[in-house]
Amino acid sequence: MSPPKANPYYAGRKRINLLAMGLCYGATVFGLAWLVMILGTLVSNGLPGLSLDLLAQNTPPPNSTGGGLANAIVGSLMLTAIGVGIGAPIGLLAGTYMAEYGRHSKLTSVIRFINDILLSAPSIIIGLFVYGAVVVPMGGFSGIAGALALAVIVIPVVVRTTEDMLLLVPNPLREAASALGLPRSLVIRRVAYRAAKAGLVTGVLLAVARVSGETAPLLFTVLNNQFWSLDLTGSIANLPVTINNFVNNPDPNWKKLAWSGALLITFAVLSLNIAARVLGSSRNEK
Amino acid sequence: MSSSEIANTATVDKNGSLARARVLRSMRWGDVLFESLTRTAAISVLVLLGGIIISLFIGAWPAIKTYGFDFLTTQRWAPSLKPQPVLGALGPIYGTLVSSLLAMVIAVPVGLGISIFLTELCPHALRRPISIAIELLAGIPSIIYGMWGFFVLGPFLAEHFQPAVIDFFADVPVLNVIFAGPASNLSLFNAALILAIMVLPFITAISRDVFATVPVVLKEAAYGAGCTTWEVVWNVVIPYTRVGVIGGVMLGLGRALGETMAVAFVIGNAFKIKASLFAPATTISAAIASEFAESDGLHQSSLILLGLLLFVLTFMVLTAARLMLMRLERNQGK
């Protein structure tokens with residue numbers, strides 16, 4: 001019997017296979033290369049500006065030297081904390097309804113569908129919505145409006161992970177608790193939540209990661225502020241919009257600060273992503 | 001037992017059952033309260049969607065009343081024209097559709113290639129790190145893509161890539177119009193490329209997950225019949241997962257259509273439609289991001305109308321994506 005190599009048809013198939021698999025390797029390298037290039041640019045442009053001043057001083061006026069991003073960083077932390085503080089409980093409760101009380105109801109499948117749409121809805125649309133629903137009635141840009149816009153983005157993320165994680169909790173756990181006479185709400189809070197804790201935290205972390213880099217919904221809800229302000233009813237400085245304004249300006253000092261801010265924000269978001277993933281996978285392996 | 005002792009136990013019993021009844025009643029109230037709380041939260045998700053649509057519609061109403069259907073067919077965008085601005089959405093709609101479709105043309109083959117690599121070729125130890133690295137691309141904030149596209153990618157493409165392509169197609173009819181000069185730092189093509197990188201992780205993640213649903217026996221049977229890896233992928237894996245892959249692609253498309261900051265940085269904000277992909281253009285989201293803060297009156301209303309159009313567009317694409325993914329799940333008997 002002749003070896004299959006001698007068959008020209010087989011050789012052709014092997015060549016096609018080799019070519020296709022080579023292209024798959026190439027695609028992977030292509031994908032990873034972007035990550036390396038973007039992170040490389042961030043580090044090389046942002047690292048020189050990293051210093052204690054960045055955290056200690058406020059954003060400088062144009063055409064000056066020095067300064068930092070303290071007000072923007074604090075503002076961003078505040079907006080994110082309030083946004084998640086409003087959005088996460090609503091998302092948790094909604095996800096709880098879908099997985100526990102209304103698991104087989106029609107309402108749940110409708111909500112799941114709508115939630116998935118909201119999950120991928122363009123964030124600038126959320127900004128427009130909050131502008132119309134909060135900024136115009138309140139008569140001006142405000143920190144509250146920005147935090148609400150972030151909350152609207154947080155809700156679908158948390159709803160999705162909460163429902164998924166609670167569905168993973170085995171039913172015998174709930175049945176055992178019910179058999180001991182525990183009312184439904186306590187079964188959920190004391191048993192189901194506890195069993196799904198890591199997953200629920202993962203969802204909230206992912207939501208924090210998602211909103212901390214959001215720029216578009218803040219552009220016309222909080223605007224930005226050159227100065228230190230903790231007043232939620234007025235404009236508040238925040239990192240994404242500060243980066244957006246500084247990077248579009250010819251002032252080299254502003255540009256340097258923008259790159260440092262970009263480095264900070266990216267690494268914060270990526271660490272949150274990785275932390276959420278590690279937490280999520282340690283749960284799944286159990 | 002004396003009679004007083006009996007009376008004592010009776011009171012204890014009575015008190016105990018009373019206390020238990022009280023606790024049970026409060027628990028029942030707690031139950032009702034918690035359930036209605038969760039149901040309210042769940043319904044608020046629906047209210048949110050309704051609120052978004054109503055709020056956009058109210059904001060867009062003056063523009064709808066003034067321009068009607070002409071808004072969709074007019075290319076001119078002159079917000080400061082007196083006495084009344086002339087505003088048409090054709091440019092942003094064209095830019096949105098072309099940049100997103102071009103992004104998919106780039107991202108789909110690459111995303112599928114990466115998924116094939118991850119499921120068929122990659123050594124087990126590297127599988128997780130590489131998947132995570134690709135997924136991290138989705139974690140990088142949009143504005144960072146914009147900055148990087150503006151300062152690094154744009155100048156590089158304008159200097160090295162675009163002139164070469166323009167020269168290469170200079171004598172080919174049709175293509176010499178699509179790839180016409182001059183090279184530009186800001187262009188529709190750059191926006192599409194950045195969008196492609198941004199949606200790549202979504203397409204990769206979903207197609208990798210649906211590839212993993214192919215029963216191993218099916219693949220083994222094909223390998224047993226003498227198929228090469230590529231033939232197994234092309235004839236078994238992809239046909240089996242087609243609906244899911246298309247769902248993932250639509251999901252990516254939904255993302256690309258609404259992407260804002262990255263595009264606003266690199267597309268050049270030109271409302272006039274040019275045939276060349278290397279010319280500046282604009283998208284709906286980029287137009288809103290760059291003009292909304294300084295707009296008022298009819299101009300602002302028109303920008304909100306653009307937002308409404310974008311929402312309807314992404315809504316349709318995402319609905320189609322979800323329906324396809326749901327069909328796949330049903331077929332699996334989940």
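Predicted model: local features only at pLDDT ≥ 70, side-chain atom pairs only at ≥ 80, totals over all residues.
Local features need pLDDT of at least 70 and side-chain atom pairs count only at pLDDT 80 or more, while totals for chains, interfaces and linings use all residues; side-chain values use heavy atoms, with hydrogens and water left out. Residues are numbered from 1 along each chain as its sequence is written, and chains are lettered from A and ligands numbered from 1 in the order in which they are written.

Q: What span is expected for helix α4 of chain A at 1.5 Å a residue?
A: Helices (H or I, at least four residues) are DSSP runs, numbered from the N terminus. The expected span is 1.5 Å times one less than the number of residues. α4(A) covers residues 106–120, has 15 residues and reaches 22 Å from its first C-alpha to its last, close to the expected 21 Å.

Q: Which residues of α4(A) are buried?
A: Buried means under 20% relative accessible area, exposed over 50% and partly exposed in between, with a 1.4 Å probe and protein chains only. In α4(A) the buried residues are A:Thr108, A:Ile111, A:Phe113, A:Ile114, A:Asn115, A:Asp116, A:Ile117, A:Leu118, A:Leu119 and A:Ser120.

Q: How is α4(A) oriented to α12(B)?
A: Axes are lines fitted to C-alpha atoms, for helices over the stretch in contact, and angles run from 0 to 180 degrees between N-to-C directions. α4(A) and α12(B), residues 297–331, pack at about 125 degrees with their axes 10 Å apart. Angles under 35 degrees count as roughly parallel, over 145 as roughly antiparallel, 65 to 115 as roughly perpendicular and the rest as oblique. α4(A) is therefore, relative to α12(B), oblique.

Q: Which residues of α12(B) meet α4(A)?
A: Contact means heavy atoms within 4.5 Å. By class, this contact of α4(A) with α12(B) has 6 nonpolar, 2 polar and 2 charged residues; Ala, Val, Leu, Ile, Met, Phe, Trp, Tyr, Cys and Pro count as nonpolar, Asp, Glu, Lys and Arg as charged, and the others, Gly among them, as polar. From α4(A) come A:Phe113, A:Asp116, A:Ile117 and A:Ser120, and they meet B:Phe315, B:Leu318, B:Thr319, B:Arg322, B:Leu323 and B:Met326.

Q: Is the crossing of α4(A) and α6(A) left-handed or right-handed?
A: α4(A) and α6(A), residues 143–168, pack at about 135 degrees with their axes 9 Å apart. A crossing is left-handed if the near helix is turned anticlockwise from the far one by less than a right angle, and right-handed if clockwise. The crossing of α4(A) and α12(B) is right-handed, whereas that of α4(A) and α6(A) is left-handed.

Q: How are α7(A) and α8(A) oriented to each other?
A: α7(A), residues 171–179, and α8(A), residues 184–195, pack at about 150 degrees, with their axes 10 Å apart. The two helices are therefore roughly antiparallel.

Q: Which residues does A:Gly102 contact, leaving aside its neighbours within four places in sequence?
A: A:Gly102 lies in the loop between α3 (70–101) and α4 of chain A. A:Gly102 counts as buried because its relative accessibility is 3%. With those neighbours left aside, the contacts of A:Gly102 are A:Tyr97 and A:Thr108.

Q: Which residues does B:Thr260 touch, not counting those up to four places away in sequence?
A: B:Thr260 is in the loop between α9 (229–258) and α10 (261–266) of chain B. At 2% relative accessibility, B:Thr260 counts as buried. Outside that sequence range, B:Thr260 touches A:Ile124, A:Ala216, B:Ser285 and B:Ala289.
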